[in-house]
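Here are my notes on this model, point by point. Please read them with the coordinates open.

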Amino acid sequence: MTGSLALGTQLDAYLAGLDAGLSDAAKVVAAIAEAAIDISEVIGRGALAGDLAATGEQNSDGDVQKALDVIAHERVTAALRSAPVAEVASEEAEGVMALNAGAPLAVAVDPLDGSSNIGVNMAVGTIFGIRPAVSDAANPIASFTTPGSTQVTAGFVTYGPATTLVVTFGKGTQIFTLDREARAFRLTHPALAVPASTKEFAINASNARHWDAPVKAFIEDCLQGSDGPRDKDFNMRWLASLVADAQRVLMRGGVFLYPGDSRKGYAQGRLRLLYEAAPIAMLMEEAGAGATNGERRILDIEATGIHERSPLVFGSTEEVECVAKYYGGRNHAAGRSPLFGQRGLIRG
């Protein structure tokens, strides 16, 4: 259906043309899109809207909430109350939020990704995954303990120079761009296809001393470029905004890594499985890319808690698979390197 739509098609027309089985998910996406337009307007005013980086209470994760975190959470959850959503798991709420009893869907959402960029005019976003609601008296979070592959829809909004909605209903990944005058999202990228090969990686290199051996080795070999075992030169990009890094990968390829490391509280990284890793993974796979925790496919993993963390590696399939090979060849007895103290694990 998406291939027949012209560029510029409004989101509501796109949603109206989806298969009947996706009509409920379409209503949820429409609600999130409306909330995103409001959030975009607040962000677009910058300091004129007040101190959006002002801090207050702590969220479910123990991070101090910023004013814009609270605004985004309130706008998104208010919008979802008018949609067929039974429950919401939000980064900004400690437990599952009950909305409409008996509704067919559950939503996991990070209302505002990239909070560290608030106040410096950098990209932030909203990430969401939509899955069937599950009723189980013995498990109050049953809707969110199924694997990521049960998601029917996933997406994110990037509030950058343009506001974009990246979404998949399981039939490819599309981008809609906000027409600010019309207050409507319009189709600009009907079928994203991530190149299988890349010469670009994204990682927070300041944590290099804390990485485990496979990640150290992979990055070291990338940095050696055409003189090393990878036989090609790489560039590095890092925006500290998951949605911005993900959109770059979706549009031009690359590989993103947020691994676990040896710091206290970072053994499983810092990204949440339900409302960050799983939605991004679905979007990537629907665009022909890969997404793992370094070794295992993200969409096969079942969460045990709504704020559970997971390492995340996503992007061009050749590099995602290459990272897995480094993990599979873990060798703590390898010779030492002057750069990271661990030689690359792929040689020859």
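1. A contact here means heavy atoms within 4.5 Å. With that cut-off, and leaving aside neighbours within four places in sequence, G315 is in contact with V194, V249, G254, V255, M284, A289, G290 and V320. Bear in mind that this is a predicted model.

2. Where does G315 lie? G315 lies in strand β15, residues 312-315. Its relative accessible area is 0%, so G315 counts as buried. L250 is 65 residues from G315 in sequence, yet the C-alpha atoms of the two are 7.5 Å apart in space.

3. Overall make-up. The protein has 7 helices and 15 strands. Of its 348 residues, 56% count as buried. Among contacts with a separation of 6 or more, 61% come from residues 24 or more positions apart.

4. Dimensions. A compact globule of 348 residues would have a radius of gyration near 20 Å, and the protein agrees, with 20 Å. The C-alpha trace spans about 60 × 45 × 45 Å along its principal axes.

5. Helix α6 deserves a look. The buried residues form a list from L273 to M284: L273, L274, Y275, E276, A277, A278, P279, I280, A281, M282, L283 and M284. One of these, M284, is also among the contacts of G315. G288 follows α6 and has a positive phi, near 85°.

6. Salt bridges. How many does the structure hold? The structure holds 15 salt bridges. Side chains of opposite charge can pair when their charged atoms come close.

7. R183 and D38. Their side chains meet in a salt bridge, 3.2 Å from N to O. R183 sits in the loop between β9 (173-179) and β10 (184-189), and D38 sits in helix α2 (residues 23-44), so the pair ties together parts that are 145 residues apart in sequence. R183 counts as partly exposed, at 34% relative accessibility. D38 is partly exposed too, with a relative accessible area of 27%.

8. R252 and E200. The closest N and O atoms of this salt bridge are 3.0 Å apart. R252 belongs to helix α5 (residues 242-252) and E200 to strand β11 (residues 200-202), so the pair ties together parts that are 52 residues apart in sequence. E200 is buried, at 11%, which falls under the 20% cut-off.

9. R297 and D300. Here the side chains meet in a salt bridge of 2.8 Å, N to O. R297 is partly exposed, at 31% relative accessibility. D300 is partly exposed as well, at 36%. Elsewhere, salt bridges that share partners join E200, R237, D245, R248 and R252 into one network.

Methods:
Residues numbered from 1 in each chain as written. Predicted model: local features only at pLDDT ≥ 70, side-chain atom pairs only at ≥ 80, totals over all residues. Heavy atoms only, no water. Buried < 20%, exposed > 50% of the residue type's maximum accessible area, 1.4 Å probe, protein only. Helix = DSSP H or I, 4+ residues; strand = E, 2+ residues; numbered from the N terminus. Salt bridge = Lys/Arg side-chain N within 4 Å of Asp/Glu carboxyl O. Rg over C-alpha atoms; globule rule 2.2 N^0.38 Å.
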